[in-house]
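Let's walk through this structure together, one region at a time. Keep the viewer open as you read.

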Amino acid sequence: MFFFLLFGCKSEPRNSKKEELVSSVDQFQFPVFNPVPKSFVPHYYDSISLFYRNRIAPDFNGMFLVAKNGEIIYERYKGMANHRFKQRVDKHTPLHVASISKVVTAVVICKLADSHQIILDKDIRSYLPEIMYDGITVRMLLNHRSGIPYYGYFPYSIWPSTKMLTNQKIVQLLNTYKMPLYFPPNSQFSYCNTNYVLLALIAERITKKKFPALARELIFEPLKMTDSFINDGSKNSDSLAQSYDSRNNVEPFTNLDGVYGDKNLYTTARDLLKLDKATYSNAFLSDSIKKEIFRGYSYERKGKSNYGLGYRMREDKGKSTLFFHTGWWHGNTGCYASLRKDTICMIIISNHYTRKVFAINRLSTLFGNYPYEPLIDTRENFVRPNAAKLHMSQAIRRKK
């Protein structure tokens, strides 16, 4: 109760408006925000610190960061990145951020749209002519309204656990077994990693560059995200930050760990902050494309959960929209949240399994009138795992 009383009695000294001036970093124009008011940090520091100490710090391994107007006002690094090599987590330690990777994939696609190399409402067969599905656009992949089946449910009978799966092989298996869509394109929402696997392939086809190199060229290098990379399975897995379960047992790499676009971004809290700051710049993403990114697309049923282009959303009438993305793969869990009305960025990443990272949205009410809703909403998907697996197994039986 003390925690909520502490938050409830405070109000933000508003000074979020950006100045029009920009500073040049190589060829990229970073926005210059108004300086954080001197009263801001002491006004909120104790509440953020209390939240971290009481709700996060115990048994935490990872990164925690809160920033205002692009400036870090609180950050902590704790625990082990790799027990075998006694590597501790620090501000330069790249951790696997699981589905937070989708934000980077979406930004790559939207930058290609900005440069007129891709059309969001064009059929994906214009870019991937071999895929069997008709009537699906790039936008439907970005906002999870395609209906394409999830590759993680491929049974071992069609793809053994000992054989590495790739993005291109996923397309081949979908075609080979003529796996039907879960629902007609653009008729409803269902979060599915396969969408972002295909987006990475589309980016490769358009640019004739491998996706990890493309992300480096379009995002990591211009933004000086020097500790970030996308692993296509070729990097030495033993020396990377490892993934651990809740008992600190290492989670082994599997045959799905060579698939990228939906996951496999290794980054830091500070690098994600650079990306968040860049999204406010029209030199990085045009104003028109940002209007497409930061809006909801799925209103088939009532609720506060929604999805833009690469960003999850919590919407509530009369409140500011919370933009974020969670991540969960093996023992890696995390959340990146962007409170855009108040230019607040909150990031928490752990490589030791914990659900406490999903509670970071409790901090959002400290900074403004944001909806307080669980970040993991199991009700938001129309397609349930058991139904999806049955759907796939029936298609495989018909083929056989």
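K341 sits in the loop between β13 (332-339) and β14 (344-350); helices (H or I, at least four residues) and strands (E, at least two) are DSSP runs, numbered from the N terminus. With a relative accessibility of 57%, K341 counts as exposed, where exposed means over 50% relative accessible area, buried under 20% and partly exposed in between (1.4 Å probe, protein chains only). From K341 to K78 there are 263 residues in sequence and 30 Å in space, C-alpha to C-alpha.

A word on what you are looking at: this is a predicted model, in which local features need pLDDT of at least 70 and side-chain atom pairs count only at pLDDT 80 or more, while totals for chains, interfaces and linings use all residues. Residues are numbered from 1 along each chain as its sequence is written, and side-chain values use heavy atoms, with hydrogens and water left out.

Next, find helix α2 (residues 40-56). Its 17 residues reach 22 Å from the first C-alpha to the last, close to the 24 Å expected at 1.5 Å a residue (the expected span is 1.5 Å times one less than the number of residues). The helix α2 has a kink of about 30°, centred on D46; the bend at a residue is the angle between axes fitted to the seven residues ending there and the seven starting there. Among the buried residues of α2 are F40, Y44, I48, L50, F51 and I56.

Now turn to a pair of helices. The axes of α3 (residues 101-114) and α7 (residues 211-220) come within 10 Å and cross at roughly 75°. Here axes are lines fitted to C-alpha atoms, for helices over the stretch in contact, and angles run from 0 to 180 degrees between N-to-C directions. The two helices α3 and α7 are therefore roughly perpendicular to each other, a term for angles of 65 to 115 degrees. Where they meet (heavy atoms within 4.5 Å), V104, T105, V107, V108, K111 and L112 of α3 face F211, L214, A215, L218, I219 and F220 of α7. By class, this contact has 10 nonpolar, 1 polar and 1 charged residues (Ala, Val, Leu, Ile, Met, Phe, Trp, Tyr, Cys and Pro count as nonpolar, Asp, Glu, Lys and Arg as charged, and the others, Gly among them, as polar).

Finally, which backbone angle deserves a look at K224? K224, in the loop between α7 and β8 (229-230), has a positive phi of about 60° although it is not a glycine. Most residues other than glycine have a negative phi. K224 is partly exposed, at 37% relative accessible area.

Methods: Angles under 35 degrees count as roughly parallel, over 145 as roughly antiparallel, 65 to 115 as roughly perpendicular and the rest as oblique.
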